[in-house]
Amino acid sequence: MKVPSLVSFLRHCSSLEHIRQAHGFMVPTGLLNDNVIFAQFIETCSSLGYSSYAYLVFTRKRPKPNVYLYNTMINVLSPLEAISLYNNIFFAGLRPDTYSVPYVLKAVIRLSAVEVGRQIHCQAIGTGLDSDVNVATSLVRVYSFCGCILDARKVFDGMNVRDVALSNAMVAGYVKMGDVDSAWKVFEEMPERNLISWTSVIAGYAQMKRPKEAVMVFRRMRVENLEPDEVTVLAVLSACAHLGSVELGERIHNYMQKRGFSRKLHLNNALIDMYAKSGSIRKALDVFRSMKERSVVTWTTMISGLALHGLGREASEMFSQMESALVKPNEITFIAILSACSHAGLVEMGRWYFNNMALQYGIQPKVEHYGCMIDLLGRGGYLQEAWELVRVMPFEANAAIWGSLLAASNIHGDTDLGEHALQQLMMLEPHNSGNYTLLSNIYAAFGVWDESGMVRKFMRDTGVKKMPGGSFIIVNNRVHQFNAGDTSHSEFYGIFEVLCEIFNQLKMVGHLQKERIELLDFDE
């Protein structure tokens, strides 16, 4: 067998028997000493799940492997074995090169072993490898992944030459830490950008619930004639969902169809979520029905969308269809179906799902499920039952649970429960003005104006400020953002005139109560 034929054979191996045949041929012919062939042998073993076989051959190789083979072996071993073998490079009298360090740092990331990463960093400084851009990129990734963003930035700033990969690593590090503004600054300073650069920033804005900026960056990317890939599409669909931008979402959907992305399960799931959150539940259902493959995420996303639109019975029917399709619900599915029952006021149905989670489906309710059930009972007027569930559940009630009780107290006029819920929320969320607003409204609804005034006075005395509400709307492909009290919009006066006219019309037909309107202004 000639050398090219052996390399081809190794690339087409499909079993341990094939590997042994290749090994048996390489030993008597001396081809184990050919580094290129041996490297291919290692990679073939790894691809078939037999890295331990390759490592056994590697450790018995004579003459000893060079650093090229060490690098190949490090790259395919488990993290602990890779780090151990990297250290053996020094004992073998060899020096790591610009491939050794990035390969072993991948193992460090998988272990989240930042102190090991620091040791390797020190070794790289000692050997002068820290000035290599590939080594620096790997170090930035290690420090960023382990939450040491200042160390990552120090490595980044210490490089005189920065390529796209290094800058992308720094951008991704800031995005991971939630510091998308710093990520944007690095992005803006990049002399050259690729699709990864743009996608990282778009995803960062989407993750931080800043969809307006995410869409802005996406539009700018398209102006520069970059074609989005699957990851970019996923990120911008998330932004569209938060923004409620069905027009842009539809264009992304059309783009997916042209590029053949419509067969991608995770992208279809994102489409369902986007359409549901953008108010187009029919289109969400159209996407769902067109899918040939559906996972539990698909079913859960559709149930969540129906819940969002108050379609509780349709959500329950979807749950039944999922079971008929032999797809097992998970914890998130039950959060979705309980939420659907809550929004539709289906108390008995919600009780059935909650009580049968463990009995029929083997899923123990978590605090989120208790929260959904308490919200369902509260909305339905079963305040005592909701309160009893808070007392007996095996978890500490969180702010969401106390908030739902406070909201239920506001709806059904239970001042005692409202006071108790607010006392708990004051410890958990002392600066959340919405909680105080709800209790003040409860008092005002019953004409207890002194108590209502005391709540507002307490807010002023403790420095709790009412957070202005905000909303987005897209008109002619432009995102318009509105915040309460903000008069900076170019069409402000025209918008205000229309709003006053609507307000007066509602007031004339009795849809607004003067007393409740006055309560909304806390900035006296």
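Glu388 is partly exposed, because its relative accessibility is 35%, between the 20% and 50% limits of that class. This is a predicted model. Glu388 forms a salt bridge with Arg391, and the closest N and O atoms are 2.9 Å apart. Arg391 counts as exposed, at 52% relative accessibility. Both residues lie in helix H24 (residues 383-392). They are three residues apart, so about one helical turn separates them.

The structure holds 18 salt bridges.

Helix H17 (residues 265-277) carries another pair, Asp273 and Lys277. These two are four residues apart, so the separation is about one helical turn. Their salt bridge has its closest N and O atoms 3.4 Å apart. Asp273 is partly exposed, with a relative accessible area of 26%. Lys277 is also partly exposed, at 41%.

A further salt bridge links Arg162 and Asp157. Here the closest N and O atoms are 3.8 Å apart. The cut-off for a salt bridge is 4 Å, so this pair counts as one. Arg162 is partly exposed, at 35% relative accessibility. Asp157 is partly exposed too, with a relative accessible area of 43%.

| Salt bridge | Closest N and O atoms |
|---|---|
| Arg391 and Glu388 | 2.9 Å |
| Asp273 and Lys277 | 3.4 Å |
| Arg162 and Asp157 | 3.8 Å |

How do helices H21 and H22 run relative to each other, roughly parallel or roughly antiparallel? Helix H21 covers residues 331-344, and helix H22 covers residues 347-361. They pack at an angle of about 160°, with their axes 8 Å apart. That makes H21 roughly antiparallel to H22, because angles over 145 degrees fall in that class. The crossing of H21 past H22 is right-handed.

Last, the surface. Which residues make the nonpolar surface patch of about 250 Å²? Val498, Ile502 and Leu506 do. Leu506 sits in helix H29 (residues 492-508). Leu506 is partly exposed, with a relative accessible area of 34%.

How values were computed: Residues are numbered from 1 along each chain as its sequence is written. This is a predicted model: local features need pLDDT of at least 70, side-chain atom pairs count only at pLDDT 80 or more; totals for chains, interfaces and linings use all residues. Side-chain values use heavy atoms; hydrogens and water are left out. Patches are made of residues with over 30% relative accessible area and no salt bridge: like charges are joined within 9 Å, nonpolar side chains (Val, Leu, Ile, Met, Phe, Trp, Tyr) within 5 Å. Accessible areas come from the Shrake-Rupley method with a 1.4 Å probe; for residues, only the protein chains shown count as cover. A salt bridge is a side-chain nitrogen of Lys or Arg within 4 Å of a carboxyl oxygen of Asp or Glu. Buried means under 20% relative accessible area, exposed over 50%, partly exposed in between (1.4 Å probe, protein chains only). Axes are lines fitted to C-alpha atoms, for helices over the stretch in contact, and angles run from 0 to 180 degrees between N-to-C directions. Angles under 35 degrees count as roughly parallel, over 145 as roughly antiparallel, 65 to 115 as roughly perpendicular and the rest as oblique. A crossing is left-handed if the near helix is turned anticlockwise from the far one by less than a right angle, and right-handed if clockwise.
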